[in-house]
Amino acid sequence: GESYMGSLVHARLLGWYDEQYFYFIPSEIWGLVTTERKRENTTFPITKSALWKMLVQQGVVIPEGSGNTLYTLPQFSMQVLRIPREKLPWKKEEGL
């Protein structure tokens with residue numbers, strides 16, 4: 001069988017989390033969405049910007065301020081999709 005390290009070769013870093021939030025890398029999330037749609041031979045019906053805006057309007061993504069869709073992590077100078085952990089419940093044994 002494939003070793004654990006062998007499976008990491010195909011892994012993608014989607015983001016990370018702390019006690020309050022998940023921080024997702026927007027380009028990686030969008031890449032997953034579009035790759036899956038291509039695999040299904042379909043296209044995603046809205047643009048990346050429209051998706052982020054919709055997630056902010058629904059209260060899923062918490063932006064840096066009004067008019068924004070992304071949050072800037074000052075320690076990394078990187079913009080991310082910041083999602084409160086209670087919006088995406090998971091159990092530690094599920095592998096996140």
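**Cores, sheet and a salt bridge**

In this predicted model, the largest nonpolar core comprises 10 residues: Phe22, Phe24, Ile29, Trp30, Leu51, Trp52, Val61, Leu70, Leu81 and Ile83. Four elements each supply two or more of these residues: β2 (21–24), α2, α3 (48–57) and β4 (78–84). In soluble globular proteins, nonpolar side chains tend to be buried together.

Tryptophan 30 belongs to the largest core. Neighbours within four places in sequence aside, tryptophan 30 contacts Phe44, Ile46, Thr47, Lys48, Leu51 and Trp52. Leu51 and Trp52 are also listed in the largest core.

The strands form an open sheet of four, in the order β1-β2-β4-β3. Pairing is antiparallel. β1 (15–17) and β3 (71–73) are the edge strands, and each pairs on one side only. From one strand to the next, the twist averages 35°. β3 and β4 run antiparallel and are joined by three bridges. Leucine 73 has methionine 78 of β4 as its bridge partner.

One salt bridge was found in a search of the whole structure. Glutamate 36 pairs with arginine 39, and their closest N and O atoms are 2.5 Å apart. Side chains of opposite charge can pair when their charged atoms come close. The two residues sit three residues apart in helix α2 (residues 26–39), so about one helical turn separates glutamate 36 from arginine 39. Glutamate 36 is partly exposed, at 33% relative accessibility. Arginine 39 is exposed, with a relative accessible area of 62%.

How values were computed: Residues numbered from 1 in each chain as written. Predicted model: local features only at pLDDT ≥ 70, side-chain atom pairs only at ≥ 80, totals over all residues. Heavy atoms only, no water. Salt bridge = Lys/Arg side-chain N within 4 Å of Asp/Glu carboxyl O. Buried < 20%, exposed > 50% of the residue type's maximum accessible area, 1.4 Å probe, protein only. Core = buried A, V, L, I, M, F, W, Y, C linked by side-chain atoms within 4.5 Å. Contact = heavy atoms within 4.5 Å. Pairing = 2+ DSSP bridges. Axes fitted to C-alpha atoms, helices over the stretch in contact; angles between N-to-C directions.
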